[in-house]
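Hello,

Here is the structure we talked about handing over. Please look through it first, then read the notes below.

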Amino acid sequence: MNLQSPILLGILLSSFVTGLVIFLLKEESHRLRTWLNLLGAGVKLVLVAVLLSGVYRGEPYTFAIEFLPGIPFALGADANSVLFVTLSSVLWFCTTLYAVGYLEHTPHRSRFFGFFSLCVTATTGIALSANLVTFLTFYELLTLTTYPLIVHRGTREALRGGKIYLTYTLIGGAVLLLAVVWLHGLAGPVVFKERGAIQALVASHRGELQVIFLLFILGLGVKAALVPLHGWLPKAMVAPAPVSALLHAVAVVKAGAFGIVRIVYDVYGVETAATLGVLHPLAVAAGITIVYGSVRALFQDELKKRLAYSTVSQVSYIVLGAAILGPVATIGGLVHLVHQGIMKITLFFCAGNYAETLGTHRVSEMDGVGQRMPLTTMAFTVAALGMIGVPPLAGYVSKWYLQKGAIQAGEEWVALVLGASSLLNAAYFLPILYRAWFNAPPEHWPAEHRVGRWETNWMLLLPPLVTAGLVIYAGVFAESSFSPLTWAKLIAAREYAP
Amino acid sequence: MPDADYRIYALAGVALFAIGFYSMLVQAHLLRRIMALNVMGSGVFLVYIALGAQTPGPIPDPVPHAMVLTGIVVSVCATGLALALVDRVQAAASEAEPGDDA
Amino acid sequence: MTSAWAMAWLILSPLVGAALAFAFPRLGRWLALGTAGVVGLAVVRLMRLVFAGGVQTHRVSGWGAPLGIELRADGLSVLMLIVTALIGVAIALYSQRYFVSGHDDDALHRERYFWPLFLFLWTALNALYLSADIFNLYVTLEMLGFAAVTLVALAGTRAALTAALRYVFVSLSASLFYLLGVGLVYGQCGTVDLPSLAAQARPGPALWVALALMTGGLVAKAALFPLHGWLPPAHANAPAPVSALLSALVVKAPFYILLRLWFEAFPALMTPAVAQVFGALGAAAILWGSVHALFQPRLKLVIAYSTVAQLGYLFLLFPLAAAQEGGFMAWSGGLMLLGAHACAKTAMFLTAGNILHAAGHDRIEDLDGITHILPVSVFAFGLAGMSLIGLPPSSGFAGKWLLLNAALAQGQWWWVAVMLLGSLLAAAYIVRMLAHAFTRVDEPKTPNPIPPVMEGTALALALLAVVLGFASPWAAELLRVGAPVVGPIVMGGSVP
Amino acid sequence: MTSRVLVGVLSLALLAALGWAVLSLPLRPTGLTAASLAKLSESGVTNPVTAVLLNYRGYDTLLEVGVLLLAIVAVWSLRRGEWPASHLHDRPLVMSLLRVVLPVLVLAAGYLLWIGAFAPGGAFQGGALLGGAIVLVMLGGLARRVLAFDRLLRAGLVLGVIVFAAVCAVTMLLTGGLLQFPANTGGTWIMVIESAALVSIGLTLGLLYFGGRPNAHHA
């Protein structure tokens, strides 16, 4: 345990302790709870910033305590972890602010924010895990801590959604456990390591390694919503908007995608995986998911449902990037981990605002929302265009690198998939934008109530504007020295043998 | 005494055990089942005594004897407990237990 | 304090405590607390000695086997004693308030008789885990059985009494089977000293039948499928702390004796076939128990059937630990699972007790919104469930991890499938309860106020069930002392 | 009916297995006769069975005395003892009989206790007689007189366990071993234990017969 390790621990505790304290708070102590939330989120941000600069300078971060016989409970920070932990902690800050505004005057907020904090703790834990068992631990903790958030409203529908969610994720978890145990049987304690940790076994256990890889993908694919394991995602939409944001952009789906990235790059090693011939099937699965998700999104009238299927599609960009051999595609996939996050969270914030302020849940009810809520709709527009891949927004960067990487790797079919997906994105987002801006608003909204001086409560308004700003920044300043793209390039440089 | 001797008692013992076991399972009347348990127990004790009987010297092996004494005391306690419980159950059950032939 | 004194304290203090609690009924609760303290200290001391000096043996009356009785404490015994002490202390605290909840004569009567019976139970368990003499084990088994049966009947309801009656017949006849087996062993080997039996034992009809008799009796007492029928009614209708004692400790004792018999006294008779049969019964228990748990109307019945299932996991230890490779992994994994289940199940039954106390019933369908009434208890239930399902980092996970490792290392993948399936089923019946707990109710009922200590002990044990996962290396080290099976605790070749 | 047949078959199978096992036992069991006789001189008693009970395997007996106490605790917790009280002046014979028999029984119990050290007999045999005496008293309709002193009864019932435990503690202080008596004092200690056990065993057996906790206001 060296000097840097307290930072790793601090990053976890900043939200863990917050969560525990909040559980004990009285329902009424609204202000105190809010300050605690923001304090925890703030502290985490600061620590993550320190970590980021440290890792950039190549400092080692490790923390380990005894857990299973011979297998420590180990935290660490490599470039990959930092990418994910930065994303989640930044977005958590926004989401916390948003959730405070969103849940005002609703019951059981202490319970909600308690689990909310634990949920983020689990996510950062996933990012900072240094070995498979630690990763598995936080991965399952994430499952448990999100359940109370999904069923938070306690309605029959919410409980059904939660049940489906658990059914998928727990079965996925069991498969993942099997994969982990099996791999440990072959390789002994598996520590995440750039360019992979099991090359030594390829010659002797080729077949087994292929099966284990499949099990890993099946286990992680549930959270990453790979078709056909995506069924829970649309059902989980019953959760309150901030939770949806968390599920889709910060925590759950991302955890799955990040897990796949880990397995491909830091357990198997992308080159090793390629020699095992397991990457191509994965790429195909991702491609199918991308197209399928977009097509389904096309036919959803309920806004959140449409966004959910869009997530199914977009997250597989990350998987696709991981599944194509070659640094350029890797960069595309990794950078999309961030880009999809900021774009999708913006969209969900906005959807939440429409629902809260105007009571509009369906696309067909969105005529003229742009005139009623210009700022929100502007943020929505930016994010949507980003999703479609309009330059110079974030989505464009990801798609460009994926495109180029695929061509380099000689996987031309991927180019077709991406093209098709972009067209479909346009097909299901542009109509919304058109309605919002150019159609005349109805004389009265489904359930309107004014709050605050602006078009809606400032705590609901600020987060989407900020994240929308990030979408623009990540695109326009992609080549600047401080951008997701630059960091992704850094990772790619470390993941491929020089 | 002839070599096979002690085993005859032991055989008698296991026979008692089996008989007790049978009626413990088939008897509906709780009192009879308790008696069946005691029959099983006596069978076991007989086996122990038989084992003690066959020794080179004139004095039988005292260890199984002592064990049987212990066993008897335990089985007395068991019987007392079982009887009390049965009575309590029958008191609790308003109607008589099935097979009650009072 | 020498190991002899530690052992003496472990056996005598609860025994004397029980006697005094009967002689002076008013002092029962204080005597229980005192005993808990003394036993706790003695266990810690004994653990230290075992870590330092290996297996501790004491020849009672100074004769030594085969003529005399020997007390023996190896890693396994100490582990069992520690688990017993943990649960015992928790129950002693919880019952302080549980048994005075009502102030009528019946409540008073229950309170007066609970303490001596509870202390007798504790005496029996401590004596059982320290004994190295198969006849002496019979006496401890009987003491255990009497106390357990009477504690079930203490609830006084008709259901509880009927369950106790069924339990007493199973328990007594099972004891007789065991006793007859001991007799045959003595006739064959001329000794009842457990460690020295292995040397004397020559496989033959007498020993096979003797072992079959003892195993039959013990399996019935341990409620292994298909002899589990008596367990759910007994465990579900007893008073909450009693249910906890029964599920967490009482059924583990016969299992412990089975381990001693098959792995230490008669390893020669432990053929692969025998091991596989035990495993098959265990697997059947896991599936049968879990599936039934899914459909029980009452929370305590769910928990009781879950016990049937979890006991099944313990018996997977036989096929996995009997094999050469990874034997010790399975051995320690199974026993960690035992400890994990003890803590988790106690927490669950105490939670159920709290719910009964607060809501007046434990019908799952009517538990909607119980989280608003008993947040702490529901949280405890969730944590305990986490360990029962075997999610990391809980102690349940640590145990299953080792079992899974061993099973895969030995290529016995069918046990892997059963274990994973069992975990999912466990998740199903736990979530079923939690879903109702989270259901929104518009007019929350006003509950009976519940003493903090009752929620506190439940939560403490649930937390223990989770964090003890981090103690697994320590447990493995402890179990290594005098373990009958060998092998590494970590699998897999190291990677460059 | 079929179940009866099934159980019958099962029991026969059991019987067959048991018979097979018994017949396969060695003709000359390697018992512990020789060992127990060899050590008899050190045990403090000359009756080998008593030596096994109170010395070689005295620890069994300790737990067994505990089981006896547990039994009475259990029975008392389970039910109230009921006993039809009868008026003695209706039955003069009973009273006169008791007058003769009780002292004899008590005396005999004491004798059995004492002789146990040398010949068959001991605390359990004596206790059985004592228990018999109590049963007689109850049959005589004097249950209330016996059960009037709740405190005293409880004290007598726990006496065996308490004294036994005390002896354990004291001898352990002297020798450092559980139930290990200092050289050549075995007989004394055994006598102390047995005398206490005699009382408790007698009371326990008698009160088990009564079958429940004494009822304070019992008619």
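A residue counts as buried if 20 or more other C-beta atoms, placed from the backbone, lie within 10 Å of its own; it is exposed at 12 or fewer and partly exposed in between. By that count, 70% of the 496 residues of chain C are buried.

This is a predicted model: local features need pLDDT of at least 70, side-chain atom pairs need 80 or more, and totals for chains, interfaces and linings use all residues. Residues are numbered from 1 along each chain as its sequence is written, with chains lettered from A and ligands numbered from 1 in the order in which they are written.

Chain C has 20 helices and two strands (DSSP runs numbered from the N terminus: H or I of at least four residues, E of at least two). Its C-alpha atoms fill a box of roughly 70 × 60 × 40 Å along the principal axes.

Next, the core. A nonpolar core joins buried Ala, Val, Leu, Ile, Met, Phe, Trp, Tyr and Cys residues through C-beta atoms within 7 Å. The largest one holds 550 residues, and C:Leu121, C:Val152, C:Ala164 and C:Ala465 touch the most other members. Helix H6 (residues 158–189) of chain C gives the largest share, 21 residues.

C:Val152 touches C:Ala160, C:Ala164 and C:Tyr167, among others, leaving aside residues up to four places away in sequence. Contact means C-beta atoms, placed from the backbone, within 7 Å.

Last, an interface. 36 residues of chain B contact 39 residues of chain D. On the chain B side, H3(B) gives the largest share, 16 residues.

Best wishes

Conventions. Two residues are in contact if their C-beta atoms, placed from the backbone, lie within 7 Å.
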